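Colleague: I would like to go through this model and ask what stands behind each term we use for it. Please set the values against the definitions as we go.

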Amino acid sequence: MVVYSSPFPAIPIVNHSLFTHLLQKSKDGKLIGDHSADLPVFVDSVTGTVLTREKLRSLCLSLGYGLQHHGMKLGDTILLFSPNALAYPVVLLGAISAGLRCTLANNAYTSHELAHQYTDSRARRIFTTEDSLPVVRAMFEEIGVGADEATARIIVLGKSLKWAGGPDAPRTSSLLHMEDLLRVGSLEEEVKFDGERAHETALLCYSSGTTGKPKGVETTHQNLTSEIDMLAAVWTHGSGNRHLGFLPMYHIYGAVIILFLTQKLGHTSFIQQRFDPLHFCEDIQKYKIQIVMLVPPIAVFLSRHPLVEKYNLSSLKLLTSGAAPLGPELTNQVTARLPSLNVNASVIQGFGMTELSPVTHLLPPADATRKAGSIGLLLPNLQSRIVDEDGRGAQTGEMWIKGPIVMKGYINNPTATANTITEDGWLKTGDIAVRDDEGYFFIVDRVKELIKYKVRSVPPAELESVLLSHSGVADVAVIGIEDAAQATELPRAYVVPTHPEKLRTDTQKVEFGAQIAKWMESKVAKHKYLRGGVVTIDIIPKSAAGKILRRQLRDLAKKEVRS
Ligand code: 4UW
């Protein structure tokens, strides 16, 4: 059995909580770490409101105390349903300081999607924004929680930033607000997770894994502290850098990189609510941003959009892509344009997966051009295998990973966990990789069902079950089709109509498809819209065991693009 090991020296793995790792105080009251207590770690990019390390720690301990005061007990779960905000790290790390677990939900979810995560994770409180209150109310109604009880479970992230020394704003509801929790008192210190307890769950992000509906990924304190230290060990750009934080924080890529790693490295994250081309350029210029973590569609924007030329982006020195393939062509297009923008930056990529806390590979900036298109080298302390369908070593095959960042498992789902992690601890990624003679990995295909629309995952099984509830749909299969111009995949449904006799002409079929696509928009979050279209088909190709043969549909779609 060929096992590849990281070329980097192993680092020590610690046994303590994530909070301790980032914001611990020594007995004499000094914040521990290589960076000053006054270092601004998070800045709200709109108002310029700053959270220093010291301020972040004290707010988190106050929030943790407030949560305990409101009845939250060790090991309870809170759900965070919000776009990126300055309050995000306070709620997340505040809950963790009190020994709670945090589940992060996509802020675009419909009430139905949210209901699944809320009940599955057994959350006891939900933090949300004023704008999302109608969705949260509808969610409680859907799961049979009465209005009064729902009111008691909601905590509002208002628009005021007074708690952080920023501008105030009036409240629009009488519900409990995050600031109210901050006023009750403060924990003297964080709840410790030393020794074996470092294997307790801290974070629950949702991922469909290689198959099926979204499942809660149990990420432990030690998974996170290991990931942070492994990334810090290979970091080549020093401390004191300014990051632009627009990747969604509910996704583990955003959470670990924007919220945790930057603290460890002593960087400042300028928080943006979402990616917006104009604000992206404006804020790079305004805050002299040096580091941007992005996804391939943003690389497309940088490689050709005229807006980019209107701004001074010369502060940039590192652009790191992840979450979907960044091919050598696109890498080279971005790299080739940078000198004309007066930017001297490396364009690299990493590989990550929610179940792997998330990053396993990173391309060293020194190899950016020589190995364009590669996900890079295995991080320290990791091992990898490349295997064929029978689990035997292969040149090109499924990539398996072993190391301290492998998740504990899927919450309440031992079957899915056993299908994903082997008995001896290898996590099966569902991605097909090759490794070159120098140890650089390349992702060449995907065997799992997952569709990636930009950074967000779309589980086909979930869309299929929604589509099957439409009376006009007799059978259905959903796949991702490639959109090279946007460097992303688009979800497409192949539908067997209940009444094919009513769909004789092409126009009728197109209209039927458009109706279905429109109907889906009332059922699912935006990133799951059927942007790749709805195509009618006579029969869904299936194996003898009834499994949808997605590859056949993907081949069909490819032929269509060519013809
Ligand atoms: N090339 C090809 C890639 C690549 C890729 C991911 O939504 P999830 O579960 O998780 C992520 C996490 C990505 C990530 C996090 C932190 C980080 O620093 C970084 O690199 C800079 C990346 O996406 O989806 C996991 C699936 O996404 C695909 C692949 O199929 C994987 O199993 N994927 N990165 N560079 N495919």
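Modeller: Two strands count as paired if DSSP finds at least two bridges between them. This is a predicted model, and with that rule it has an open sheet of five strands in the order E1-E17-E18-E20-E21, with antiparallel pairing.

Colleague: What makes E1 and E21 the edge strands?

Modeller: Strand E1 (4-5) and strand E21 (441-446) each pair on one side only.

Colleague: How do you know that E1 pairs with E17?

Modeller: The rule asks for at least two bridges, and two bridges join E1 to strand E17 (residues 383-387), so the pair meets the definition. E1 and E17 run antiparallel, and Ser5 stands opposite Gln383 in E17.

Colleague: Which sense does the pairing of E13 and E14 have, parallel or antiparallel?

Modeller: Parallel, over four bridges. Leu319 stands opposite Val347 in E14. Strand E14 (residues 346-352) is also mostly covered, with five of its seven residues buried.

Colleague: Why is Glu113 called buried?

Modeller: Buried means under 20% relative accessible area. Glu113 has 6%, so the residue is buried. Glu113 lies in helix H4 (residues 111-120).

Colleague: What does Glu113 touch?

Modeller: Leaving out residues up to four places away in sequence, Glu113 touches Ala108, Glu462, Val524, Ala525 and Lys528. A polar atom of the Glu113 side chain lies 3.0 Å from the backbone nitrogen of Ala525. The cut-off for a polar contact is 3.5 Å, so that distance falls within the limit.

Colleague: What makes helix H11 mostly covered?

Modeller: Eight of the nine residues of H11 (residues 296-304) are buried. They are Pro296, Pro297, Ile298, Ala299, Val300, Phe301, Leu302 and Ser303. The cover over them includes helix H10 (277-287), strand E12 (291-294), strand E13 (318-321), helix H12 (328-337) and strand E25 (488-497).

Colleague: Which residues touch the most other members of the largest nonpolar core?

Modeller: The core has 130 residues, and Leu67, Leu104, Phe127, Trp163, Phe260, Phe280 and Val292 touch the most other members. Helix H9 (residues 252-265) gives the largest share, ten residues. A second, separate core of 31 residues includes Ile451, Leu467, Ile481 and Ile548.

Colleague: What is Leu67 in contact with?

Modeller: Apart from neighbours within four places in sequence, Leu67 is in contact with Met72, Ile78, Ala95, Leu100, Phe127, Ile155 and Leu181.

Colleague: How do you know that the radius of gyration agrees with a compact globule?

Modeller: For 563 residues, a compact globule would have a radius of gyration near 24 Å; the protein has 23 Å, so the two agree. The C-alpha trace spans about 75 × 60 × 55 Å along its principal axes.

Colleague: How many of the residues count as buried, and how many helices and strands are there?

Modeller: Of the 563 residues, 59% count as buried. The protein has 16 helices and 26 strands. Among contacts between residues at least 6 apart in sequence, 70% join residues at least 24 apart. The accessible surface comes to about 23000 Å², and 51% of that belongs to carbon and sulfur atoms.

Terms used. Residues are numbered from 1 along each chain as its sequence is written. This is a predicted model: local features need pLDDT of at least 70, side-chain atom pairs count only at pLDDT 80 or more; totals for chains, interfaces and linings use all residues. Side-chain values use heavy atoms; hydrogens and water are left out. A nonpolar core is a set of buried Ala, Val, Leu, Ile, Met, Phe, Trp, Tyr and Cys residues joined through side-chain atoms within 4.5 Å. Buried means under 20% relative accessible area, exposed over 50%, partly exposed in between (1.4 Å probe, protein chains only). Contact means heavy atoms within 4.5 Å. The radius of gyration is taken over C-alpha atoms; the globule rule is 2.2 Å times the number of residues to the power 0.38. Accessible areas come from the Shrake-Rupley method with a 1.4 Å probe; for residues, only the protein chains shown count as cover. A polar contact is a pair of N or O atoms within 3.5 Å; within protein, one must be able to donate a hydrogen and the other to accept it, and residues adjacent in sequence count only if both atoms are side-chain atoms.
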